[in-house]
Amino acid sequence: MPVATLVTTPTHTRVNRLPIHMTPSAILTQGGMTLVKRQFSVLFLLCHMVLLCSLSVTALAQGSDDEKLFNQFMQLVEKGDYDAAQQINIDVLRLDAKQRVKYLQVLQDLERMADVKTDPDVLLASGRDAAAKSQTVRATGFFKAVLKHPKASSAQQQQASSALAELRRQSHPEISEAQAKIAQATQAIHEGDLDGAERLLLSVKNAKVDLGWFENERIAKQLDLIKQIRSGKVPATARNPLAQGASNDALAQAKQLYAQEKMVEARQAEREGNYRLAVEAYEKILKIDPDSAQAKEGLASAQLKANQRLMPRSVLTNDMQQIRLRASATEAEFKELYNKADTLRQQGNFTAASEAVQQAKVTLDRSQNFLSASRYSQLRESATSLGVQISQEQELAEASIKHKLEMQRKEDASNRRQTALVERDKQVQDLMKRAVDLRREQKYERAIELLKQARFLDPTNPAVALLQETMEDTLQFVKVRDLRRERGKLMQINSTENFESTLPYNELMTFPADWPELTYRRRQTAAGDDAGTSEITRRVQQSLNESINVDFEANKLETSIAFIRDNTNVNFVINWTAMTNVGVEPDLPITLKISNVPASQALTLVLQQASANNELDPVSYAVKDGIVEISTLRDLKRRTAFLRSYDIRDLLVQVPNFDGAPDFDLGSALSSSSSVGGGGGSGSGGGGGGNSRNNVDLFGDSDNDDDDDDDEDARLQRVTEILELIRTQTGTQSDWVEFGGDVSSVRELNGLLLVRTTPGTHDEITTLLDELRQTRSMQISVEARFLLVDQNFLEEIGVDVDLQINGSDTDTGWSNTRVAQDSFGVTARPFSTGIPGSFGSAGAAIGALEDFVAGTGFSSTGRALDIGFSYVDDWAVNVMIRATQNQRRAISLTAPRITFFNGQQAYVTVARQIAFISDLEPVPDANGMNPTLSFTQSGVVLAVEGTISADRRYVTMTVQPSLATISEIRRVEFLVELDNNNNDNNNNNNNNDEQQTFATGAIEAPQLELTQLETTVSVPDQGTLMLGGQRLVGEIEIESGVPVLSKIPLVNRLFTNRTKVKDERTLLILIKPTIIIQSEEENLLFPGLEANPEQYNIGNRLR
């Protein structure tokens, strides 16, 4: 309830609103402290009492609503809903004194707690003050505000947490009880009662009392100490840490914190006039720190004030004392905030200093009623002056800081530039170093990239530019060098391949070195292209092809099938419903005993035995999607038929017969002559004969439409034959659509067979086509050999002695006596035997050797040894000895080879064509002749047609080998009369006699040696058969000597001459066929590859 009081002061007049509970002395104090010292006038008291009575009536009517709002406000504060509490508007003047003080105090507390600028120390002090006054709600609010304060340090938050724990302990007696148990447990540990201490500690721990972190940590440490004592890790002396003089930092810090809290409580109690509470607080401090001088001084002052307070006082005196105390408290709080602001100013914390000044002003404004106007103005002006000083110093400090920041910014920018330059230089050096390292590794392109980066960082660096140019030049040099090396390498590879191409392979068929890998890849490709059989199905089929042993003795059908299933580890699906409908039961007895047979064959035999009484719809099996399905044949056909394509283009290729082998015939050569001069016909072949290969259209590009039609008809005929073969030889004939069935169908499309049928029939079609391909792929390699063996022998031995005895006495009448032996002429080397290569020929004339020529000796005599000497005296003797023995053996082999398909006709020609002038035709009015050229050939031709027997062991062949050799081309000269019409006209005009003009011409007549054979034979595979041949033998032997003397041993050599010539020629025509079966050759070279290409050991390759 407000009271209007007019107070006059020496300086000004104002109206103040004073609380209703204020005493007259308080009112006088509000006017000025000088009025209090005067004697109170009785009249003043009486007036004051009258005014109070007049206003009390109206205040009571309005107090009830504000009291409700106050109670609601306090309830929200106690709940912690501070925001809602601050939304309630209360007229404080309508509250009583206690409510107003409490409301203003709580409202101020809320403002301070909500203001983040409030110092956490102020909040802690306020919380301790409230706790000392047992204002739990206020204290809790302050301590929580400290915990939430963004500027609160960890120590401040720890103090707030400890204070909150203390408040909780005060409000919860169980906490005190738990702390007492903890103390008892500590004492028990000291006394050695570990079990009792452990029980007390565990009871507290299990009680789940909120003791706070410090007490819970204390319990954990005490329990751990008990464990360590029991285990012997801690000696018995450690049970009482205080006995050892140990210093616990945490405990000392806690004591110091406690003493500070009590010091704050004591001072706050003194400010509020609660001296007894201050005495108790000082005494608690001295118990912890007996040497505290502040505590001793405060205790003495508090006790004195407390004793003075016990003296009896009047009511007015008490009121005046309360006002003074309130004013003192306000000034003390103001001074504390003022000093704090000044300290913060000196520290340079102007923001906090301004906040402290503002808090000091707020403190003055709140307690303005307890201060005199002059004192209030004085303090207010001092706070304002301090605020102005703080603002000015703050501006100066900010200007200084701004200047320093600007200088620092410039310095930092300069440092950054310098650092950037240093860093750039370092990066450039690093890049250059890395580029040089890469150059050593010959990674020039990467090095150039790094140098480009370095030039980007430092474009003006000459070292980087020079190094980059050098590196680029080196790169070009290296590229040229590498290209040269690559070219040399490729040239060497090409040369090696050329040299490899000259290798004369002996094998009829060779495989590449990577044939196993190639086979595996092609098989994988074929498997991927196979639309009808999946990989899992192929694995199942492979498992069914493995061998097993079966011994069934009246076993059940179901058991027999299970046995095969378990041994193959394959999934079986049995349609017992369909099988039961045709009379095949699971318990049908099966008897079968076989060994080492494929599991598929065993399963087939078991199912055949089960279907013995059901021939119309037997039981069978099929593999589909990796599962073996067993059911009736009709059911399997209906459910398992699928479409699959087969490539048969290789089976549709027509293998042509080549029957145009050339003929070595001079008659044919002359009939196919061509004129060289002014026109003439054209011819080819020779040797002649023509070449009829043009009759065969190998690639189907003939311009003859009739031939194209014939080829298409032949292809359609082959397709029809294959389709007919599939329909009649695979599956059940009645299943095919062409025979009225509805299961299987087949048609041809661009060389592909599109077949829809059951898996079993697909397997049969695959087998059939494989057999056709295997039969068609068989080839025959034929080698014909023309073996010519020549043997020539010559032996001539002779002695020629001529003797003359000169007659020296003419009186005797004897003339010269001559003895002559002329066996050399009789046994001269005979002419040739007619066999080529013979040593026989006309011998050299018998006589003395020619004169000796220095350096060359004697001229050739055609003999191995010639000895001649003469003796001239009375006796003249001439002796000549000759001895020669020649032997020559020559073998000539011509062996043409050719490989062709089974049943094909083919030929090979290795020949040399020779042109010769076969005729001369006079050219009218030209005085010349036009030669006619013919062609003949010298070489070998092998024409053959072969067929392999059914057992693939023999080859039946019709062969025509021919061997022609031009031994000589003779030149025949003759006169040719020239037809000169100009001369005839001139003769007629001059009436001269007709004159004939002749010219010498020559034609060429080749001499051809021809060996030719035509026959049909049967030869075993890789066997050799002599088709034919010729044997020529010629021998001439001449012996001449003196009768009787030529028969005497030893002497006969002087009187006998002998010459012998012997020539032999043998011609053999041999032929050797070899059957080539590709799969057989592959298995020979790569055993096991066909069965399992994936697991084949590539290291076993033979090539």
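**Salt bridges in a predicted model**

At 24% relative accessibility, Arg773 counts as partly exposed, a class that lies between buried (under 20% relative accessible area) and exposed (over 50%), as computed with a 1.4 Å probe on protein chains only. This is a predicted model, in which local features need pLDDT of at least 70 and side-chain atom pairs count only at pLDDT 80 or more, whereas totals for chains, interfaces and linings use all residues. Residues are numbered from 1 along each chain as its sequence is written, and side-chain values use heavy atoms, with hydrogens and water left out.

Arg773 forms a salt bridge (a side-chain nitrogen of Lys or Arg within 4 Å of a carboxyl oxygen of Asp or Glu) with Asp650, and the closest N and O atoms are 2.8 Å apart. Because Arg773 lies in helix H28 (residues 759–776) and Asp650 in the loop between strand E8 (642–647) and helix H26 (666–671), the pair ties together parts that are 123 residues apart in sequence; helices (H or I, at least four residues) and strands (E, at least two) are DSSP runs, numbered from the N terminus. Asp650 is likewise partly exposed, at 37% relative accessibility.

Arg649 pairs with Asp647 in a salt bridge whose closest N and O atoms are 2.8 Å apart; Arg649 is partly exposed at 49%, and Asp647 is partly exposed at 34%.

Asp790 and Arg1065 also meet in a salt bridge, at 2.7 Å from N to O. Since Asp790 belongs to strand E12 (residues 779–805) and Arg1065 to strand E23 (residues 1056–1076), this pair ties together parts that are 275 residues apart in sequence, and both residues are buried. Elsewhere, salt bridges that share partners join Asp195, Glu198 and Arg230 into one network. The count comes to 28 salt bridges.
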